[in-house]
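Subject: A structure for you to look at

Hello,

I am passing on a structure that is new to you, with some notes on what turned up in it. Please open it first and keep it beside you as you read.

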Amino acid sequence: MVYSHHGPVVVEKCIQRRLSTLAQGLDLVSHDLNVIVYAGVDGMIGHLNLFIAGVLHRDPSVGNLLIDPNPGVRTDEQIFNNNCLRLDKFEFLKTTGHLKRCYGYLIDGDLAIRWKDQREAARHRSGTLPFMSHRLLESWDSRPLHTAIDDLESFVWIVLWSALKTIKSPTFRELDWLTRISDDDVQAVANQKMTIMILISKPRTELSPELKPFHPLFKRWFSIALDAQDKLDELIASATIKAVPTIDLDTLLCDKAKSVHFIQEVEELCFGYYQQYLKGGTEFLQGRGMYGDLEKA
């Protein structure tokens with residue numbers, strides 16, 4: 001579940017399945033870039049807790065990830081007694097001070113689904129164009145399976161978009177990136193996102209002085225995203241080809257007997273990428289000194 005220092009955010013048991021929070025949040029834009037990254041990692045953790053509860057958000061965006069203006073500091077007791085934080089699956093989070101403060105929280109579950117429900121999992125992809133994964137955009141017309149892997153990539157686009165909107169002296173290329181991923185042409189956005197991912201994944205990419213210190217993080221995250229896309233597509237292709245007789249994805253998902261093992265494989269794959277993204281984010285923030293006061297608290 002999504003969390004804030006005020007307590008866990010619950011999924012309301014109603015038709016809309018909205019997420020609610022007692023905290024009043026601020027937009028990510030115009031905050032310190034380190035705080036924007038911190039909030040992005042918090043969003044991933046919140047998304048993970050929803051995923052563990054069987055819910056897939058499907059629409060991480062700048063409007064749905066907010067910053068708590070008064071994040072406070074949690075005690076170890078509050079962290080380890082919080083049933084929403086499944087640290088048994090992510091032991092490495094205990095080794096940093098990240099969980100002692102929560103800058104970001106995820107809201108608005110209007111598009112959320114119970115992802116293990118085969119009928120819901122077979123639904124069309126959803127999201128907000130500038131923040132949707134390249135994979136979903138690239139296969140826009142073919143009803144792609146929307147997974148946590150896609151939402152995790154969305155958080156990277158949220159952080160990058162917010163950073164580009166925040167920095168005071170962006171390069172011409174960075175301004176062009178911001179314009180192009182904010183386009184309303186799906187294929188154009190997909191093409192531009194792949195270009196950005198490939199460029200940033202290279203060891204040497206010219207960035208503005210404000211954004212350059214964050215290149216290692218974006219390089220790591222986009223490398224993870226590209227690998228995750230490939231692995232997910234391979235898993236889907238393998239599952240449909242192995243079926244006897246060969247079937248399409250929708251048919252597989254709607255057949256409970258055939259889909260159980262496939263859903264388990266997708267779940268395991270997603271957990272692996274949650275770990276990679278969160279390790280990348282927390283190690284970067286630790287290197288930036290963002291946990292200095294928290295590790296002593």
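Searching the whole structure turns up five salt bridges, a salt bridge being a side-chain nitrogen of Lys or Arg within 4 Å of a carboxyl oxygen of Asp or Glu. Before I go through some of them, here is how to read the notes. This is a predicted model, in which local features need pLDDT of at least 70 and side-chain atom pairs count only at pLDDT 80 or more, while totals for chains, interfaces and linings use all residues. Residues are numbered from 1 along each chain as its sequence is written, and side-chain values use heavy atoms, with hydrogens and water left out.

First, the overall picture. The protein has eleven helices and six strands; helices (H or I, at least four residues) and strands (E, at least two) are DSSP runs, numbered from the N terminus. Of the 297 residues in the protein, 56% are buried. I use "buried" for under 20% relative accessible area, "exposed" for over 50% and "partly exposed" for anything in between (1.4 Å probe, protein chains only). Among contacts (heavy atoms within 4.5 Å) with a separation of 6 or more, 76% are between residues 24 or more positions apart.

Now to helix α5, which covers residues 148–166. Its 19 residues span 27 Å from first C-alpha to last, close to the 27 Å expected at 1.5 Å a residue; the expected span is 1.5 Å times one less than the number of residues. At the start of α5, a side-chain oxygen of T147 comes to within 3.1 Å of the backbone nitrogen of I149.

If you set aside the neighbours within four places in sequence, D150 is in contact with S133, R135, L136, L145 and L232.

Helix α5 also meets helix α7 (residues 186–200). Their axes come within 13 Å and cross at roughly 80 degrees; axes are lines fitted to C-alpha atoms, for helices over the stretch in contact, and angles run from 0 to 180 degrees between N-to-C directions. The two helices are therefore roughly perpendicular to each other, the word used for angles of 65 to 115 degrees. From α5, E153, W157 and L160 take part, and they meet K193, I196, M197 and I200 of α7.

Two other salt bridges each sit within a single helix. In helix α6 (residues 172–181), R180 and D176 are four residues apart, or about one helical turn, and their closest N and O atoms are 2.8 Å apart. R180 is partly exposed at 42% relative accessible area, and D176 is partly exposed at 26%. In helix α8 (residues 215–242), K231 and D227 are likewise four residues apart, about one helical turn, with 2.9 Å between the closest N and O atoms of their salt bridge. Here K231 is partly exposed at 35%, as is D227 at 27%. As background, an α-helix has 3.6 residues a turn, so residues three or four places apart point the same way.

Finally, which way does phi point at S30, positive or negative? It is positive, about 80 degrees, although S30 is not a glycine. You will find S30 in the loop between β2 (7–8) and α1 (33–52), where it is exposed at 62% relative accessibility. D108, also not a glycine, has a positive phi of about 65 degrees. That residue lies in the loop between β5 (104–106) and β6 (113–114) and is partly exposed at 23%. For comparison, most residues other than glycine have a negative phi.

Enjoy exploring it!

Best wishes

How values were computed:
Polar contact = N/O pair within 3.5 Å; in protein donor to acceptor, adjacent residues only side chain to side chain. Parallel < 35°, antiparallel > 145°, perpendicular 65-115°, else oblique.
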